[in-house]
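Biologist: Please take me through a protein structure and show me how to read its features.

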Amino acid sequence: MGKSDLPLNGQTALVTGASSGIGRRFAAILAAVGAKVVVAARRTDRLAALVAEIEGEGGMAAAVELDVADPDSIAAAIDAAERAFGRITILINNAGVADVADATDIGLAAIDHMTTVNLRGPFLLAREVARRLIADGAPGRIVNVSSIVAYTYDGHVPVAYYAMTKAAIVRMTEVLAVEWAKYFINVNAIAPGFVVTEMNQEVVEEKGVALASRRARGRLTQPANLDSTLLYLVSPDSGYVTGSCIRLDDGQMPR
Ligand SMILES: NC(=O)c1ccc[n+]([C@@H]2O[C@H](COP(=O)([O-])OP(=O)(O)OC[C@H]3O[C@@H](n4cnc5c(N)ncnc54)[C@H](OP(=O)(O)O)[C@@H]3O)[C@@H](O)[C@H]2O)c1
């Protein structure tokens with residue numbers, strides 16, 4: 001059984017990309033504040049370990065296999081999530097991939113993969129969760145994970161196409177927030193700066209100290225530094241906040 005009297009008791013959260021990095025942390029923190037958490041990704045061995053960890057802390061979690069590039073997998077994962085813990089009231093659209101290449105060099109396969117995983121997948125997930133909430137007349141929260149490169153780009157690490165998909169996530173957040181306002185489904189986004197995860201593990205291993213010293217505050221961001229922003233966006237107290245994207249980069253990038 002989960003702990004009672006926590007802020008997200010009674011909520012069921014689906015977290016995509018929960019096998020690693022930011023998604024893994026987000027799943028753990030949502031469970032710690034009382035949500036029943038469905039953790040989703042392709043690497044199910046990692047999801048099983050996370051479920052065990054959350055349960056060991058007294059939380060409630062279940063794992064579902066999900067490939068966000070596959071529409072059938074999305075529908076199946078949402079069905080499985082509902083079988084485990086009932087209607088999904090919180091969706092964390094976190095799964096994403098980044099391909100580092102100059103715009104002149106990047107191949108079609110990488111372009112299509114980023115479009116499918118970073119943009120089409122989150123849209124299909126959001127609308128499937130929303131359809132079910134609307135059918136039940138229930139409110140909900142959707143938090144999309146964008147990136148600071150949606151807004152500002154220095155080209156040192158060439159991720160032009162990735163930046164385009166993350167900018168589209170900001171617009172998706174805005175338009176879905178408007179369409180679903182009348183259903184009390186709030187749609188917001190977080191745009192992190194550089195966060196230490198497997199996505200950029202090689203860069204951190206190679207240049208960790210130098211990377212930190214280039215930042216105004218001389219430090220790197222860890223997934224846990226995003227906790228309070230996530231919790232704000234899913235809090236029962238932030239019900240009037242929708243269609244917003246919070247930039248969370250510790251002052252790493254210009255404005
Ligand atoms: N790290 C940063 O500096 C940073 C900055 C801004 C934004 N972000 C964004 O934050 C999100 C999380 O990234 P991260 O840094 O935590 O990276 P990460 O450690 O590489 O994790 C990426 C997650 O996405 C999942 N994923 C990838 N392709 C998938 C697919 N086809 N279907 C389902 N899941 C898939 C992976 O799970 P499986 O491989 O097990 O499927 C993994 O759990 C991404 O959207 C990323 O763009 C990251």
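**Salt bridges and surroundings**

Modeller: Arg 131 and Glu 128 sit three residues apart in helix α4, which is about one turn of the helix. Helices (H or I, at least four residues) and strands (E, at least two) are DSSP runs, numbered from the N terminus. This is a predicted model, in which local features need pLDDT of at least 70 and side-chain atom pairs count only at pLDDT 80 or more, while totals for chains, interfaces and linings use all residues. Residues are numbered from 1 along each chain as its sequence is written, and side-chain values use heavy atoms, with hydrogens and water left out.

Biologist: What does Arg 131 form with Glu 128?

Modeller: A salt bridge is a side-chain nitrogen of Lys or Arg within 4 Å of a carboxyl oxygen of Asp or Glu. Between Arg 131 and Glu 128 there is such a bridge, with the closest N and O atoms 3.2 Å apart.

Biologist: Are Arg 131 and Glu 128 buried or exposed?

Modeller: Buried means under 20% relative accessible area, exposed over 50%, and partly exposed in between (1.4 Å probe, protein chains only). Arg 131 counts as partly exposed, at 46% relative accessibility, and Glu 128 counts as buried, at 18%.

Biologist: Which residues are linked with these two in a network of salt bridges?

Modeller: The network links Asp 79, Glu 82, Glu 128, Arg 131 and Arg 132. Within it, Glu 82 forms a salt bridge with Arg 132, the closest N and O atoms being 3.0 Å apart. Glu 82 lies in helix α3 and Arg 132 in helix α4 (residues 108-136), so the pair ties together parts that are 50 residues apart in sequence. Glu 82 is partly exposed at 23% relative accessible area, and Arg 132 is buried at 19%.

Biologist: How many salt bridges does a search of the whole structure find?

Modeller: The search finds 13. Another pair is Arg 171 and Glu 174, whose side chains meet at 2.8 Å, N to O. Both lie in helix α5, three residues apart.

Biologist: Where does a helix bend, and by about how much?

Modeller: The bend at a residue is the angle between axes fitted to the seven residues ending there and the seven starting there. Helix α6 (residues 201-214) bends by about 90° at Lys 207. The buried residues of α6 are Val 204, Gly 208, Leu 211 and Ala 212.

Biologist: Which residue other than glycine has a positive phi near 60°?

Modeller: One of them is Phe 184. Phe 184 is in the loop between α5 (160-179) and β6 (185-192), and counts as exposed at 61% relative accessibility.
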